[in-house]
Amino acid sequence: MKDKKRKKFRELWIDNEKEATLRLADNFSTRLLGLMFKREIDYPLLFKIPQRFNSPSRSAIHTCFMLVEIIAVFIDENNEVFEIARLKPWKYYKPKKSAKYVIEFNEEDYFKCKLKIGDRIKIKKYPE
């Protein structure tokens, strides 16, 4: 993998076990585009929510222009999973509280990593 592309990936860890490799959406354009227009999702997408947007409405997501169903996992400032939602295309979802991260999965990748409410996660840089 080219060095520039490597910087756009992170690893999801739970209890000292790597659970998934995530693609990072950490700027306006990558968060805006997200998974829109994709017929298949070949990677979970990690949205890093700017903390200056610290409110549930700023952590809300939509599935407009998405072609597949997703499972969204909301993670708080303590790196704890606090909410999980299954969303069909053309839906809007606002979590109960502000999120630090949101991870969007296809169903297969979500069930592989066994995330559940209350899990404490670690996000690590992709190995060099």
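Tutor: Start with D76, which is buried at a relative accessible area of 4%; buried means under 20%, exposed over 50% and partly exposed anything in between, using a 1.4 Å probe and protein chains only. Keep in mind that this is a predicted model, where local features need a pLDDT of at least 70, side-chain atom pairs count only at pLDDT 80 or more, and totals for chains, interfaces and linings use all residues. Residues are numbered from 1 along each chain as its sequence is written, and side-chain values use heavy atoms, leaving out hydrogens and water.

So who does D76 pair with? The partner is K97, and the two side chains meet in a salt bridge with N to O at 3.0 Å. (A salt bridge is a side-chain nitrogen of Lys or Arg within 4 Å of a carboxyl oxygen of Asp or Glu.) This pair links distant parts of the chain, 21 residues apart: D76 sits in the loop between strand 5 (70-75) and strand 6 (81-87), while K97 sits in the loop between strand 7 (92-93) and strand 8 (101-105). Helices (H or I, at least four residues) and strands (E, at least two) are DSSP runs numbered from the N terminus.

R23 does the like with Y43, lying over its face at 5.6 Å from the ring centre.

Now the rings themselves. Six aromatic pairs turn up, where rings of Phe, Tyr and Trp (its six-membered ring) pair if their centres lie within 6.5 Å, with planes under 30 degrees apart called stacked, over 60 edge-to-face and the rest tilted. One of the six joins F9 and Y126: with centres 5.9 Å apart and planes at 50°, the pair is tilted. F9 is in strand 1 (residues 9-14) and Y126 in the segment after strand 9 (121-125), 117 residues apart. F9 is buried at 13%, whereas Y126 is partly exposed at 22%. The rings of F74 and F82 are also tilted, with centres 6.3 Å apart and planes at 50°. Both F74 and F82 are buried, and together with Y93 they form one aromatic cluster.

Back to the charges: the salt bridges number nine. One of them brings together R86 and E107, again 3.0 Å from N to O. R86 belongs to strand 6 and E107 to helix 3 (residues 107-113), so this pair ties together parts 21 residues apart in sequence. Here R86 is partly exposed at 44%, and E107 is partly exposed too, at 42%. Shared partners then join E69, R86, K88 and E107 into one network of salt bridges.

K88 is found in the loop between strand 6 and strand 7. Leaving aside residues up to four places away in sequence, K88 touches T63 and E69, with contact meaning heavy atoms within 4.5 Å. Its C-alpha atom is also 6.6 Å from that of I70, 18 residues away along the chain.

One more bridge to look at: D119 pairs with K116, the closest N and O atoms being 3.0 Å apart. D119 is buried, at 9%.

Definitions and conventions. Lys NZ or Arg CZ within 6 Å of the ring centre and 35° of its normal.
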